[in-house]
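I opened the notebook to look up a few places in this structure, and I keep the entries in the order in which I made them.

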Amino acid sequence: MANTPIDTRGTWNTKLGFILAAAGSAVGLGNIWGFPTQVADNGGAAFILIYLLCCVAIGFPVMIAELTIGRKTKKNPVGAFKALSNGNSFVPLIGYWGVLCGVMILSFYLVISGWTLGYVFEELFHYFGYSSIASIMGDLENGPKNTVFTLIFMVMTVAIITGGVSKGIERATKMLMPVLIAILLILIGYVFTLDGAMEGFWVYVYPDFSTISGSLILSAMGQAFFSLSLGMGALITYGSYLNRKQNLVESAGYVTLFDIGIAVIAGLLVIPAMYVAQAGGIEIFNPETQKLYSSTTLVFDVLPEMFHNVGAFLGLFLGVTFFVLLGLAALTSSISLLEVPVSYVIDEHGIERKKAAMLVGGLVSILAIIISFNLSLIDIFVFIFNEIGLPLGGLMLCLFLGYFWKSENAVIEIESGYPGFGTSVTSTLWVLFIKYVCPLLIGIVFVTTFMTVAQSLMEMFGF
Ligand code: TRP
């Protein structure tokens, strides 16, 4: 096995470059597409509060942990756990699990990303009056169309990854992130001039605490892991390209705040926009369940209808801008998902970056094409690899760091770049969270989920 020597690994060029790349990984479909719908579905601001709590109490400490393991070992997740395993053969399994989750999540993430691209064309064809082509572009269940757009997205992702760490990932995210924020703000500014927006705004900020339940907390936790890109080693990998001067706690803090900020701002766009659509006569609540339509239907069906309603050219402008925004956000995230298996193949199998990116890209494409034709797989993959897989990865990571590698060693690693960390209150709190609070919280949520799943299975089989 040819391990790449440490000094030939890429590194981030600048501190800001790394923070933007990690923030780019965090900000994606999860923020702009997932978060607002979950908020609207789960009692408005009550969900936001629980979500924020999960980000701060679980996400932030786990992010520091991932970055620390990555920078300490300068390796991909599998290599990292191997390096710290002391010959124990179970420990590297955490890394393998992460690589698997990365591949599986990427495969459906690409299909959804492909939809955003399809809708850019849907808006264009609609504007120019080719309504039959427009409806093909907007048909989420059209397998051949899905395949084409999914593959286009895959090629863009592979191209950026092939460019390497600073020339590819860092440069791309540095350009894309500011554009993304600008587009988001322009859209919000416009949506608030339309009828219905204020009603949506109040739904968004008014907390309905009666909706808080076990399943709401599970969703909030799953959302926090997914949105912050945690639990599968993406940030171990990004951390492995960091130098020892970087303050890991501060960086993790920025990335967490940035991600939360974008999610909250995206909610300010999507929820009012939904109510604008409603004011325009479009149904956004399922009359039977009184719940919002699912997130897929919502963003990809309701919003385009709103764009078509606001008038020809303006609608075109808003629609194209929105879906380009969603696509850009998805791209900076899919890069980090692909970088995990690619860095594994580079480090552990000695394959050169370009070949590795094409190899893994090809493999993921096969899965993505299968999903393009069988969309019901998305829900199954989300449940196994996202809702269960990521928190499970996070749980194992905390237990590994706290009790196997030992938190003292992690604290020493963090000290470089953050002198005085070891004696600070922050360090005591962090160790407390990694060893006790996070595993306990994740554990409780798991037990509750397990019981709910078991119960519904029993009901299904008539017990
Ligand atoms: N965070 C991204 C989003 O919100 C998705 C993502 C990118 C991700 N990389 C990840 C999720 C790694 C989990 C792990 O859309």
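I call a residue buried when its relative accessible area is under 20%, exposed when it is over 50%, and partly exposed in between, with a 1.4 Å probe and protein chains only. The model is predicted, and I therefore ask for pLDDT of at least 70 for local features and 80 or more for side-chain atom pairs, while totals for chains, interfaces and linings use all residues. Residues are numbered from 1 along each chain as its sequence is written, and side-chain values use heavy atoms, with hydrogens and water left out.

**Entry: E170.** I found E170 in helix α8, residues 165-191; helices here are DSSP runs of H or I with at least four residues, numbered from the N terminus. E170 counts as buried because its relative accessible area is 2%. I then looked for polar contacts, meaning pairs of N or O atoms within 3.5 Å, where within protein one atom must be able to donate a hydrogen and the other to accept it, and residues adjacent in sequence count only if both atoms are side-chain atoms. A polar side-chain atom of E170 lies 2.7 Å from the backbone nitrogen of N13, and the side chains of E170 and T14 are joined by a polar contact of 3.2 Å. Contact in the wider sense means heavy atoms within 4.5 Å, and, leaving aside neighbours within four places in sequence, E170 has such contact with W12, N13, T14, G17, F18 and V165.

**Entry: helix α14.** Of its 38 residues, 31 are buried. Just after α14, G350 takes a positive phi of about 60 degrees.

**Entry: G315.** G315 lies in α14 and counts as buried because its relative accessibility is 2%. Apart from neighbours within four places in sequence, G315 is in contact with E123, F307 and V310. I also checked G315 against N13, 302 residues away along the chain, and their C-alpha atoms are separated by 40 Å.

**Entry: the ligand.** Which atoms of the protein lie by the nitrogen and oxygen atoms of the ligand? A polar side-chain atom of N31 is 3.3 Å from a ligand oxygen, a polar backbone atom of S227 is 3.1 Å from a ligand nitrogen, and an N or O atom in the side chain of S336 is 2.8 Å from a ligand nitrogen.

How values were computed: Helices (H or I, at least four residues) and strands (E, at least two) are DSSP runs, numbered from the N terminus.
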